[in-house]
Amino acid sequence: MVYHVITIEDTGETYKCDERISVLEGMENLGKKGIPVGCRGGGCGVCKIEIVSGNYKKRVMSRDHVSEEEEAKGMVLACRVKPLGEMTVRVLGKMKKNVCKVAEQPVEV
Amino acid sequence: MAMTGVLRPGHAIVRVLDLEESIDFYTNVMGLVETGRDKLGRVYFKCWDERDHNSFVIQQAPSAGIEAFAFKVRTKADLEKFDSDLRAYGCPTERVAAGDLLETGERVRFKIPTGHLIELYAEKKEVGNGMSNVNPEAWCAAAEKGIAPTRMDHCLLYGGDIDGNQKLFKEVLGFDLVERVKLEDGTTDLAIWLTTSIKAHDIAFVRHAEDGKLHHVSFLLDSWEKVLRAADIMSMNRVSIDIGPTRHGITRGTTIYFFDPSGNRLETFSGGYQWYPDTEPVTWTWEEVGRGIFYHDRKLNDRFLSVVT
């Protein structure tokens, strides 16, 4: 198994991610936090990140959340990206971006 | 109660990002039965115990989400009546020709106030459930392949004007309110569960800033044990689980929320209760919404209100 070190720039969190799984799954598997977790399937856009540095493989993701232009600039969904080397990422996803406006008072979770 | 008018959910048309991966998931993990593919590239499925040709249709698209949700009505005369009633109510309709969806008759399609497309149809080819209508067996091999739900049961949709949806579904389509969650102000509905049958819900809506969103399409299982078996199959196949196995306070179903490979949330559930037209609606207050949605955790998770496709 080949692992690569992922750094989440916002929190300074680092973890080793198996190159066969996504950057998001690698974070979750170790109980690490920093990137918001949504559907894990490229559909909901919650785990949007910007790749600051590093090489990666990616899969198709929803155009509702990542335009072709953004994708070309390294803005991707963390659930669709597998590391090919050491990576540094920055979080763009806003977990509560879609929450009903009427219900915007903090929900106790 | 004689069951007339709108009978039941008939089909969901769902957008997926990668068709081949989705066909594999719905066939081998979900255990749906593939019944056809059309020239537009749509792939058709039914649950093993359903008798009509299809109840779940996927199509490849640049984004995930729901294209349309349909209900079967009892007769062609019902279809005509609903079409004219909808138009008289002020809801424009369009006709989609028979055969546009494989083995499916003419559909009446309209947009509801939350921006979702709803369809009605009266005819779909009966292909049977793999067992005879004369002296049948109790189940067949397809009942054990993958998760193998017995039917596509209901959906939960997110959008702004759920009050407009409730009015249209009640006044034109004959649905009834079964349960609701109130917001902090005690009057505004955050969510509503509606039925057209004796099920606790045939469709549900949650108030949301963005229109046209899918929260989940739900599939019925026979028992809590089968819900646990479904969870095992999800882990064996590394399926993305949202929450569960657990129970809902609302409708009392035992449940797992999980995601298909494109991030569309699905549910497999069992149980709940039966509803009759003389049953008073159940109301959940904002303070107890956590227990209403997830009866065991007793708290909302962030994803319930914000992760949709």
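**Briefing: buried residues, cysteines and cores**

Glu71(A) is buried, with a relative accessible area of 14%, where buried means under 20% relative accessible area, exposed over 50% and partly exposed in between (1.4 Å probe, protein chains only). This is a predicted model, in which local features need pLDDT of at least 70 and side-chain atom pairs count only at pLDDT 80 or more, while totals for chains, interfaces and linings use all residues. Residues are numbered from 1 along each chain as its sequence is written, chains are lettered from A and ligands numbered from 1 in the order in which they are written, and side-chain values use heavy atoms, with hydrogens and water left out.

- Glu71(A) is found in helix α2 of chain A; helices (H or I, at least four residues) and strands (E, at least two) are DSSP runs, numbered from the N terminus.
- Leaving aside neighbours within four places in sequence, Glu71(A) is in contact (heavy atoms within 4.5 Å) with Lys58(A), Met61(A), Arg63(A), Val66(A) and Val76(A).
- Ser62(A) lies in the loop between β4 (56-58) and α2 (68-72) of chain A, and Ser62(A) is buried, with a relative accessible area of 1%.
- The side chain of Ser62(A) reaches the backbone nitrogen of Asp64(A) at 3.1 Å.
- With neighbours within four places in sequence left aside, the contacts of Ser62(A) are Gly42(A) and Gly43(A) together with Leu17(B), Pro62(B), Ser63(B) and Ala64(B) of chain B.

**Cysteines**

- Over all chains, the structure holds zero disulfides, a disulfide being a pair of cysteine sulfur atoms within 2.5 Å.
- Cys44(A) is buried, with a relative accessible area of 3%, and the closest cysteine sulfur to its own, in Cys39(A), is 3.9 Å away, too far for a bond.
- Cys91(B) is buried as well, with a relative accessible area of 5%, and its sulfur is 16 Å from the closest cysteine sulfur, in Cys155(B), which is too far for a bond.

**Nonpolar cores**

- A nonpolar core is a set of buried Ala, Val, Leu, Ile, Met, Phe, Trp, Tyr and Cys residues joined through side-chain atoms within 4.5 Å.
- The largest nonpolar core has 58 residues, and those with the most contacts inside it are Phe56(B), Phe110(B), Phe169(B), Leu173(B), Ile203(B) and Val217(B).
- Domain 1 (6-144) and domain 2 (151-306) of chain B both give residues to this core, so it lies between them; the domain bounds come from an automatic or database domain assignment.
- Apart from this core lies another, of 23 residues, among them Ile6(A), Ile8(A), Tyr15(A) and Leu24(A).

Key: A polar contact is a pair of N or O atoms within 3.5 Å; within protein, one must be able to donate a hydrogen and the other to accept it, and residues adjacent in sequence count only if both atoms are side-chain atoms.
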